[in-house]
Amino acid sequence: MLRGMGSCTVVATGFASYVAAVGVLGNRVYRRLFVAQVVALVGSGLATVALGLLAHRLAGGDAGLVLGVALAIKMVAYVFFAPVATALAERLPRRAFLVAMDVVRAAVALVLPFVTEVWQVYALIVVLQAASASFTPTFQATIPTVLPDEDDYTRALSLSRLAYELESLLSPVLAAALLTVVGASQLFVGTAVGFAASALLVLSVVLPKPVESANRSVGGMRVYLATPRLRALVGLNVAAAAAGSMVLVNTVVVVREDLGLSDSSVALTLGAYGAGSIVAAVLLPRVLTRVGERHVMLGGAGVLVFVLAASAFLPLSWAGVLVAWAALGLSGAAVQTPIGRLVRRSAKPGGWPRLFAAQFTVSHGGWLVTYLLAGLLGAWAGMSFTLLLLAMVAAGGVLFAARVWPAHDPSTVEHVHDNLAPDDPHLLGAVARGGGWVHAHEFAIDRVHPRWPQRPR
């Protein structure tokens, strides 16, 4: 009886969280931006299927190699273009910049069906992913200006995670349906339509004017690495990427080769991963109001380590893989969904674009490394060894994060200034103590606060 009541409570809590999350769609500007995100994601999903078919047309049996190189190019473009593009975006009207990047992506999608050489695919992927690396951090930094309330922003983060996971489940189904009436090349037209629709939706709203940053000389990566809660994300990003890479790279090998199951079983197994992530996206807004981000994210990362390690030793079965993948999806979302809250809290609005770009670079750097580990180890050393090594990589990330992220991490921090003139306006209300001036306020790394403070004695 009690167990049944507990299950009902979980379901009710999840439903209430979902209703609250959907409530932020009452904001007209955010609603249109969210729809823009969804249609662009659908376009990207169609492009993923179409690119695989294009690679097969051009390279035949070497299609996997072509896709592997294209994926590596994507990650490299993300890592290197995001900071540069964000610096450029700070000097341009934000809405016009977002629309321009969507137009570039749509143009590349329309050109892809006409390529005849593999190198042309690589060149266009560079352009496409450079535009995506420019668009995504700028878009992410726009949402907290549209939804300044932290609870609303948390709900928006969960909706965004839900959109990503639903896209991963539904885009292949949509692509399969379209392929019954159109050719493979026409899928790129659907991609272009998605990006064009995204551009029109962004163009249809008036975005809040970006707050001028008084600290452009302080680089986003410097702020990121100097802020303990963000520095912890280096390890947490690696942990999430280690688990996600195992799923995305090796599911087809585990299901088709090791278990001898069908292509539809591959889709269902990936669906289990997505379903776990969706459950987390529904539950997290309510959970985060009761439990701090540190507990949720470190706990989720710890589950990732446990599931990866346990899977290396348990007998291989499809039921076991489905359960493990669902657990990885749920705990991975618990690690990744709250990241936007931490970035938002760690800078003033003018500094958000650079911090989101730094997070974008760090996270995709982790994916680049773990993609290679998952693929190479899976091919050379077998799945058990791969799972165990990725578990060790994830564990290292968790231990690093737990060490550098203080258990007590308030937004308002008491600190000492010993390098400012006594009449500096920033010291208004500060108290002289020990050769310096002590006061407390919401703390972020900037030119006046170049280092994270030690607690004053």
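Me: Which residues of α15 are met by Leu373, Ala374, Leu377 and Gly378 in α14?

Reply: This is a predicted model, in which local features need pLDDT of at least 70 and side-chain atom pairs count only at pLDDT 80 or more, while totals for chains, interfaces and linings use all residues. Residues are numbered from 1 along each chain as its sequence is written, and side-chain values use heavy atoms, leaving out hydrogens and water. Helices are DSSP runs of H or I with at least four residues, numbered from the N terminus, and contact means heavy atoms within 4.5 Å. On the α15 side, the four α14 residues meet Met383, Phe385, Thr386, Leu389, Leu390 and Val393.

Me: How are α14 and α15 oriented relative to each other, parallel or antiparallel?

Reply: Axes are lines fitted to C-alpha atoms, for helices over the stretch in contact, and angles run from 0 to 180 degrees between N-to-C directions. Helix α14 (residues 352-380) packs on helix α15 (residues 383-404) at about 150°, with the axes 8 Å apart. Angles under 35 degrees count as roughly parallel, over 145 as roughly antiparallel, 65 to 115 as roughly perpendicular and the rest as oblique. The two helices are therefore roughly antiparallel.

Me: What is the handedness of the crossing of α9 and α15?

Reply: The axes of α9 and α15 come within 7 Å and cross at roughly 165°. This makes the pair roughly antiparallel. A crossing is left-handed if the near helix is turned anticlockwise from the far one by less than a right angle, and right-handed if clockwise. Whereas α14 and α15 cross in the right-handed sense, the crossing of α9 and α15 is left-handed.

Me: Which residues of α14 make the contact with α5?

Reply: Helix α5 (residues 118-146) and α14 cross at roughly 130°, their axes coming within 8 Å. They are therefore oblique to each other, and their crossing is right-handed. Ala133, Thr136, Pro137, Gln140, Ala141, Pro144 and Thr145 of α5 face, in α14, Trp352, Pro353, Phe356, Ala357 and Phe360.

Me: In what order do the three strands of the open sheet stand?

Reply: Strands are DSSP runs of E with at least two residues, and two of them pair if DSSP finds at least two bridges between them. Strands β1 (412-417) and β2 (431-433) are at the edges with a single partner strand each, so one side of each lacks a neighbour in the sheet. Six bridges join β1 to β3, and three join β2 to β3. The pairing is antiparallel, and the order is β1-β3-β2.

Me: What is the phi of Gly434 in the hairpin turn?

Reply: Arg433 stands opposite Gly436 in β3. The hairpin of β2 and β3 has two residues between its strands, and Gly434 in the turn has a positive phi of about 55°.
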